[in-house]
Amino acid sequence: MSRAVSVSLQKGGVGKTTIAINLADALAARDNDVLLIDLDQQGNATEGVGMKDAYESADPNIGDVLTDDDPIDVRETIHTRESFDVIPAHVDLDDIEDRVRNSTFGVLWVRRRIVDPLLDDDYDYIVIDSPPSLGPLSDAALIGTGHVVVPLLMSEPSVSGFERMFEQQIGPIRREVELEILAIVPNDLTGNNEERRIIRDLEESPFEKFIPEFARSDLFDDPESKGPGIRHRIAFSRAWRDGKTLREYDPSNDMLDRLDELAAIVERGGPEDA
């Protein structure tokens, strides 16, 4: 079943872009046609897949799709890569967000002009790297996809960011349209006691079912495990620097299996027992 998903958290510095890029790559490695869309004004996903020049290009860009003035066909903004396609971010995304904010149905543009025309017909999966703050572009991504993966650092500011997002954004959107959490992904873990405490707190919360099996606290005590979550690996930042996915940069990296498990959750549409 085809599906669109936003990778989102209203807190910067949680590895959101890393998860978005490598989720798209993992879905593609599972023999799917995949599109990655960078809606983050910083353009980190665009740079992280080797398309930095597109960020300031005058060629047709996502702003020409998200406009009141004769929007172009979204297919004119798609760039191809070896494993998946990309719609890059653009330097004008702040202005584009203002258009979305000031237009009556602006928050529906991502769904109507990007997701609906492309999902099923062109792509099995669409992954959106959302802005790291509340706002109309982030709302448009969540409304447009109807599914969200939430990356979290195991720190109080990161968890507080998720709580704000759930109360101020996910909840209100859910009162109007369907929006499902597919996974909450503990990210960039090193194995300290604070991480253990926060994962256990999440496991005792209403969000417990969204914690993947590879991120459960019992893996802290499993001598055969690497520990829970997506672990801190310098290869992630080096891959981004080189404009590559983790798989392209280091095809034997021990986090690829966990990214594959995350891709399987997206394919399945959520936890097995949801």
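**First selection: a buried threonine**

Select Thr46, which is buried, with a relative accessible area of 0%. Buried means under 20% relative accessible area, exposed over 50%, and partly exposed in between, computed with a 1.4 Å probe on protein chains only. This is a predicted model, in which local features need pLDDT of at least 70 and side-chain atom pairs count only at pLDDT 80 or more, while totals for chains, interfaces and linings use all residues. Residues are numbered from 1 along each chain as its sequence is written, and side-chain values use heavy atoms, with hydrogens and water left out.

Thr46 belongs to helix α2 (residues 44-48). Helices (H or I, at least four residues) and strands (E, at least two) are DSSP runs, numbered from the N terminus. Now display the surroundings of Thr46: leaving out residues up to four places away in sequence, Thr46 touches Asp38, Met51, Lys52, Tyr55, Pro88 and Ala89. Contact here means heavy atoms within 4.5 Å.

Move on to Gly50, in the loop between α2 and β3 (79-80). Gly50 counts as exposed, at 54% relative accessibility.

A line from the C-alpha atom of Asp53 to that of Leu179, 126 residues away along the chain, covers 34 Å.

**The nonpolar cores**

Which residues have the most contacts inside the largest nonpolar core? They are Leu23, Leu36, Val127, Val149 and Ile184, in a core of 61 residues. Helix α1 (residues 16-29) supplies the largest share of this core, eight residues. A nonpolar core is a set of buried Ala, Val, Leu, Ile, Met, Phe, Trp, Tyr and Cys residues joined through side-chain atoms within 4.5 Å.

Centre the view on Leu36. Apart from neighbours within four places in sequence, Leu36 is in contact with Ala20, Ile21, Ala24, Val49, Phe84, Asp85, Val86, Ile87 and Val127. A second, separate core has 27 residues, including Leu35, Val100, Tyr123 and Ile128.

**Two aspartates with positive phi**

Select Asp31 in the loop between α1 and β2 (34-38). Although Asp31 is not a glycine, it has a positive phi of about 70 degrees. Asp31 counts as exposed, at 71% relative accessibility.

Next select Asp188, in strand β7. Asp188 is not a glycine either, yet its phi is positive, at about 60 degrees. With 36% relative accessibility, Asp188 counts as partly exposed.

**Ile211 and its contacts**

Ile211 lies in the loop between α7 (193-203) and β8 (230-231). At 2% relative accessibility, Ile211 counts as buried. Beyond residues up to four places away in sequence, Ile211 touches Ile184, Leu202 and Arg216.

Select Pro212, Glu213, Arg268, Pro271 and Glu272, which lie nearest the centre of the second largest pocket among its 17 lining residues. The elements that give two or more residues to this lining are β7 (180-189) and α10 (256-268). Of these, α10 gives the most, with three residues. On a 1 Å grid over the protein atoms alone, a pocket is an open set of points where a 1.4 Å probe fits, with protein on both sides within 12 Å along at least five of seven lines; lining residues have an atom within 4 Å of a point.

Colour the lining by residue class: eight residues are nonpolar, one is polar and eight are charged. Ala, Val, Leu, Ile, Met, Phe, Trp, Tyr, Cys and Pro count as nonpolar, Asp, Glu, Lys and Arg as charged, and the others, Gly among them, as polar.

Gly269 follows α10 and has a positive phi, near 90 degrees.
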